[in-house]
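Thanks, everyone, for making the time.

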Amino acid sequence: MLPSENRLRRRQDFATAVKRGRRAGRPLLVVHLAREDAPGGRTDRTSDTRPHVAEGTPSARAGFVVSKAVGPAVTRNLVKRRLRHLVRDRLSRLPAGSLIVVRALPPAASASYQELERDLDAALKRLLKVEHAASAPTGAGR
């Protein structure tokens, strides 16, 4: 289970991550990663209604989308539990204040835990590499 301060609950936060964040697609899932404090992200902390969040230290938050295309409720819940567990162990790698949305694709229904883990790690590696490259200085003395 994800701690309360690490969960995405509001539709607006999901929309921010999906529309303004970077995306990495894999055969089993699609991962969207956005920074709240990045340009175009939410910077107004006065309207923040998240409980249990210390002022000035935004934590990474995660949300999951598992549609009916993945399968019946039992299958969707299994996929969601596996993804929650995988993301919980990787939240510390994400930049503070980031929003991550993991969207399961229909093949995730028949995937093993290890296959989901492999695809999630590959997507995060790609997104974090792009995130790191975007924040690196582009030249000295300019």
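Arg90 has a relative accessible area of 7%, and because the cut-off for buried is under 20%, this arginine counts as buried. Please keep in mind that what we are looking at is a predicted model.

What does Arg90 pair with, then, at a closest N to O separation of 2.5 Å? The partner at that distance is Asp121, and the two form a salt bridge. This pair links distant parts of the chain, since Arg90 sits in the loop between H2 and E4 while Asp121 belongs to helix H3, 31 residues apart. Asp121 itself is partly exposed, at 25% relative accessibility.

Arg90 also meets the side chain of Glu117 in a salt bridge, with 3.0 Å from N to O. Glu117 is in helix H3, which covers residues 113-135, and Arg90 is in the loop between helix H2 (73-88) and strand E4 (98-104), so this contact ties together parts that lie 27 residues apart in sequence. For Glu117 the relative accessible area comes to 26%, which puts this glutamate in the partly exposed class. If we step back from the individual pairs, Arg90, Arg93, Glu117 and Asp121 are linked in a network of salt bridges.

Over the whole structure, the search finds 7 salt bridges. One of them joins the side chains of Arg10 and Asp13, at 3.7 Å from N to O. Here the arginine is partly exposed, with a relative accessible area of 26%, whereas the aspartate, Asp13, is buried at 3% relative accessibility.

Let me turn to the nonpolar side. The largest nonpolar core has 27 residues, and the members that touch the most others are Val31, Leu83, Ile100, Val102 and Leu116. Two or more residues of this core come from each of strand E2 (29-35), strand E3 (61-66), H2, E4 and H3. Which of these elements gives the largest share? The answer is H3, with 5 residues, and H3 is also the helix that holds Asp121.

Ile100 deserves a look of its own: leaving aside residues up to four places away in sequence, Ile100 touches Leu8, Val31, His32, Leu33, Arg61, Ala62, Gly63, Leu94 and Leu124.

Methods: Residues numbered from 1 in each chain as written. Predicted model: local features only at pLDDT ≥ 70, side-chain atom pairs only at ≥ 80, totals over all residues. Heavy atoms only, no water. Salt bridge = Lys/Arg side-chain N within 4 Å of Asp/Glu carboxyl O. Buried < 20%, exposed > 50% of the residue type's maximum accessible area, 1.4 Å probe, protein only. Helix = DSSP H or I, 4+ residues; strand = E, 2+ residues; numbered from the N terminus. Core = buried A, V, L, I, M, F, W, Y, C linked by side-chain atoms within 4.5 Å. Contact = heavy atoms within 4.5 Å.
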